[in-house]
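Let's work through a few exercises on aromatic rings and their neighbours. Have a look at the model first, then try each task before you read the solution.

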Amino acid sequence: MHNHNIFDFEKYRILKEETALGYQKIVSVFCPALKSKVIFNAKGLHHLRYDFSGAERPKKSQYIKFLYLPKAVEIIKTSTTIQEYRRGICPVDHPDKNGYKRTSSIEWFGMFAIISFSKKIRLRTVIRRIGAEDGLYHFWSVIPFWTLSNNQRIIGEKQIENE
C-alpha cells in the first residue's frame with residue numbers, strides 16, 4: 001500500500017537540484033504582456049524556497065513550486081495580459097549596521113493560466129519590479145491557485161506579494 005502522506009525527501013532533493021540548474025540556464029524571457037524581458041535572478045530562486053520573512057517554506061510547498069516552474073516560464077512567454085497588479089513601498093535588501101532597511105517602490109504583476117481542467121489547476125505566476133519605471137522585471141513566484149468550497153476547487157483571492 002502506498003501512503004501519499006509520506007514526503008519523499010530524496011525526490012525533493014533531486015528536484016531542488018534540477019530546478020536550481022535549470023533556473024540558472026533561463027536567464028531571461030520576453031513577456032508580451034509587459035512588452036519587456038523578465039529576468040530570472042537569484043531573488044526569484046530564493047523566493048521559491050523562502051517566504052518574505054526569510055523563513056524556509058515547507059518542503060512540500062517548495063516541491064510544488066519547483067514542479068510548476070517550467071509552466072510558469074511558459075506563462076510569462078505567452079501571456080498577453082496582466083490579471084493582477086499591486087504596488088507598495090517595501091523594505092528591500094538586508095538592514096545595514098544601524099538596522100536601517102532601504103525601502104523602494106515595488107510592483108507585483110500576476111498572470112494566471114489554467115493548466116488542467118480535469119484537475120482544476122490554475123497557476124499564478126508573479127513578476128516583481130523594484131524601483132518602478134527604471135527597475136527590471138524579475139520572476140518572483142509560481143503557485144497552483146485554488147480554494148476548496150464544499151470539497152470543490154474554486155478560484156479564490158490571496159495576497160499576490162506573499163505567494
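Buried here means under 20% relative accessible area. Keep in mind that this is a predicted model.

**Exercise 1.** Work out how the rings of Phe-40 and Phe-139 are arranged, and whether the two residues are buried or exposed.

*Solution.* Start with the overall tally: the structure holds nine aromatic pairs. In this one, the ring centres of Phe-40 and Phe-139 are 5.1 Å apart and the planes stand at 10 degrees; stacked pairs need planes under 30 degrees apart, so this pair is stacked. Next, place the residues: Phe-40 is in the loop between strand S2 (36-39) and helix H2 (42-49), while Phe-139 belongs to strand S6 (residues 137-144), so the pair links parts 99 residues apart in sequence. Last, accessibility: Phe-40 has a relative accessible area of 7%, so it is buried. Phe-139, at 0%, is buried too.

**Exercise 2.** Classify the pair formed by Phe-109 and Tyr-137.

*Solution.* The centres of these two rings lie 5.3 Å apart with planes at 70 degrees; over 60 counts as edge-to-face, so that is the label for Phe-109 and Tyr-137. Phe-109 sits in strand S4 (residues 103-116) and Tyr-137 in strand S6, so the pair ties together parts 28 residues apart in sequence. Both Phe-109 and Tyr-137 are buried.

**Exercise 3.** Which rings have Arg-122 and Arg-128 over them?

*Solution.* Take Arg-122 to begin with: it lies over the face of Phe-112, 3.9 Å from the ring centre. For Arg-128, the charged end is over the ring of Trp-140, at 3.7 Å from its centre.

Methods
Residues are numbered from 1 along each chain as its sequence is written. This is a predicted model: local features need pLDDT of at least 70, side-chain atom pairs count only at pLDDT 80 or more; totals for chains, interfaces and linings use all residues. Side-chain values use heavy atoms; hydrogens and water are left out. Rings of Phe, Tyr and Trp (its six-membered ring) pair if their centres lie within 6.5 Å; planes under 30 degrees apart count as stacked, over 60 as edge-to-face and the rest as tilted. Helices (H or I, at least four residues) and strands (E, at least two) are DSSP runs, numbered from the N terminus. Buried means under 20% relative accessible area, exposed over 50%, partly exposed in between (1.4 Å probe, protein chains only). A charge sits over a ring if NZ of Lys or CZ of Arg is within 6 Å of the ring centre and within 35 degrees of the ring normal.
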